[in-house]
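Open your viewer and get ready to select residues by number.

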Amino acid sequence: MKKRTIMKKMLSVGLVGAMVLSLAACGSSSSGDSEEASGDSGDGVTLEFQQWWGVELPDGALQEICDDFTEETGINIELLSNPYADTKTQIAAGAAAGTMADVVGLDGSWVYDFAKQESIANLTDLMTDAGYDDSQLSDQIQVDGSTYMIPVVNFAYPLYVNMDILEEAGVSEVPTTWSEFLDACDKIVSNTDATAFAIPLSSEAPNGIQNQFMTWLWASGGAMLEDGKPNLEGNENLEKVVDFVKEMKDNGYLSDGAEAMKEQDMVNEFENGRLAFMVDAIAHLTLIKEESPDLNFDYAKMPVMDGYEGESGMDVANWGIGIAENCENKEEAWQFVEYLMSPEVNAKLAQLANAFPGNATAEPDYSENDELFLKAYDNFQTGYAINEFTGAPTSEDLMRSFNEQLVLYLDGDIASAADMLSAAQESWAPAFE
C-alpha cells in the first residue's frame with residue numbers, strides 16, 4: 001500500500017468569529033444561490049450539499065452527478081453552489097451556529113477547528129457502521145485518530161521545466177537529484193540569460209514556503225510535523241533543505257527580488273521564457289499553453305536528496321468532503337459521500353475537474369487531456385500526496401513566520417540553518433498548544 005499522509009487541521013477561532021459576523025452581510029444560501037434537484041426523494045430525505053465545486057466545474061456537471069444519485073437511491077440532493085470565499089464564510093458560520101448544511105465541501109485548513117467544535121461528524125464511525133472499505137481512499141484527514149474529511153480530488157504541483165533553456169545551457173538531462181539540479185542551475189546562469197529557479201517569498205502571500213520550499217523536503221520523504229506537532233528544530237533533513245536553498249541563493253540561481261515575489265510573478269517569469277524551473281499547480285497548464293503557445297516545457301518529478309531511494313511526496317491541494325454533526329440523516333449523507341468516492345463517479349469528477357482522483361482504484365479517462373497532464377498523473381501515481389500545511393493550525397501564519405526566518409537566514413542575518421529552524425519552531429509553538 002502506498003504511503004499515506006495524515007494531516008491535522010485547524011482554522012483559527014478568530015477567523016471563525018469574523019466569518020460569523022460577516023454572515024449578516026453575506027447571508028446563507030438562498031433559493032437564488034442553490035440548484036435544487038427536481039422532484040421529491042422517494043423516501044422523503046433531502047440533503048443539502050454546500051460547496052464551491054459546482055462553480056468551478058462545467059455548467060450543470062455536478063447537478064447531473066447528484067441527479068444520478070437521486071435516481072439510484074431516491075435521496076434528493078439540494079446543491080448550494082457559491083464561489084470559494086462565500087462558501088468558506090457560510091460553512092464557518094454554520095459550524096459556529098449549528099446550522100451547517102448536511103454535506104459540505106471542505107478545505108483541509110478548516111477541519112481541526114470544526115472537529116474540535118464537534119460541528120462535523122466523525123467519518124470513521126460512519127464508515128465502520130456502513131462496513132466501508134477505506135483502503136480505497138488515497139488519503140483521509142484525521143483529528144485525534146479519526147477521519148473528519150475525505151479528499152475527493154487532488155490538484156498536484158509538479159516541477160515545470162523549460163526545455164529550450166536547458167538545451168541552450170548544455171543540460172542534456174532533466175535533473176533527478178539535488179547535485180544534478182545544482183549542476184544544471186550553474187550551467188543555466190553561466191550560459192544563458194535565464195534564472196534557474198524561483199521561490200516566492202513575499203510575506204503578503206507566503207505560500208511559496210508551502211509550494212516551492214517544503215516541496216523539496218516532501219519529495220525526499222521528509223516531514224515538518226511529528227505526531228501533529230512542529231518538527232523543525234533538530235530536523236536534519238529540513239536543515240539540509242534550508243542549506244540547499246541557501247546555496248542556490250548564494251550562487252545566484254534564484255530569481256532576484258524573491259522577498260517581494262508572489263506566486264503569480266513566478267508564473268509570469270516562466271511564461272515569458274526567463275525561468276528554467278518552477279514548481280506550480282497543474283491547474284495552470286491550460287492557461288500557460290494558451291498564453292505562451294510557443295513555450296517548450298515539460299513536467300518532471302522533484303529532484304531528491306542524493307542517495308534517497310524511497311517514495312516521493314508530491315505537493316497537492318484538494319477538494320475535501322465532510323458531513324455536518326447537525327445532519328439528521330447521517331446514514332443517507334454517508335451514502336452520498338460513498339457514491340462520490342466510488343471508483344466510477346470519482347473518476348468522472350476527476351476528469352471534469354482536471355484533477356487526480358481521491359479513490360486510489362479510480363481510472364479516469366484522460367484521453368482528451370494534454371499529454372503533459374498524463375505525464376504528471378503518471379508521476380503522481382508513483383508516489384504519494386502530501387501537504388502538511390493543509391491541516392496545520394493557522395497555516396498561513398505558520399508559512400509567514402517561517403518565511404520571515406528563512407529570509408533572515410538567506411540574507412545572512414541568522415548564523416545557521418539550525419538557528420533559523422529553532423527560531424521558526426519557537427514562533428510556531430503557540431499555534432499548536
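What follows is a short walk through salt bridges in a predicted model.

**The count.** How many salt bridges are there? The count comes to 13. We visit some of them.

**Stop 1.** Select Asp-144 and Lys-116. Their side chains meet in a salt bridge, 2.7 Å from N to O. Now show the cartoon. Asp-144 sits in the loop between β5 (141–143) and β6 (146–156), while Lys-116 belongs to helix α5 (residues 111–117), so the pair ties together parts that are 28 residues apart in sequence. Is Asp-144 buried or exposed? Asp-144 is exposed, because its relative accessible area of 54% is over 50%. Lys-116 is partly exposed, at 43%.

**Stop 2.** Select Lys-249 and Asp-411. Here too the side chains form a salt bridge, at 4.0 Å from N to O. Which parts of the chain does the pair link? Lys-249 is in helix α10 (residues 236–250). Asp-411 is in the loop between α16 (395–410) and α17 (417–428). These are distant parts of the chain, with the two residues 162 apart. Lys-249 is partly exposed, with a relative accessible area of 31%. Asp-411 is partly exposed as well, at 40%.

**Stop 3.** Select Arg-400 and Glu-396. They form a salt bridge, and the closest N and O atoms are 3.0 Å apart. Both residues lie in helix α16. They are 4 residues apart, about one turn of the helix. Salt bridges that share partners join Glu-396, Asp-397 and Arg-400 into one network. Glu-396 is partly exposed, with a relative accessible area of 43%.

Definitions and conventions
Residues are numbered from 1 along each chain as its sequence is written. This is a predicted model: local features need pLDDT of at least 70, side-chain atom pairs count only at pLDDT 80 or more; totals for chains, interfaces and linings use all residues. Side-chain values use heavy atoms; hydrogens and water are left out. Buried means under 20% relative accessible area, exposed over 50%, partly exposed in between (1.4 Å probe, protein chains only).
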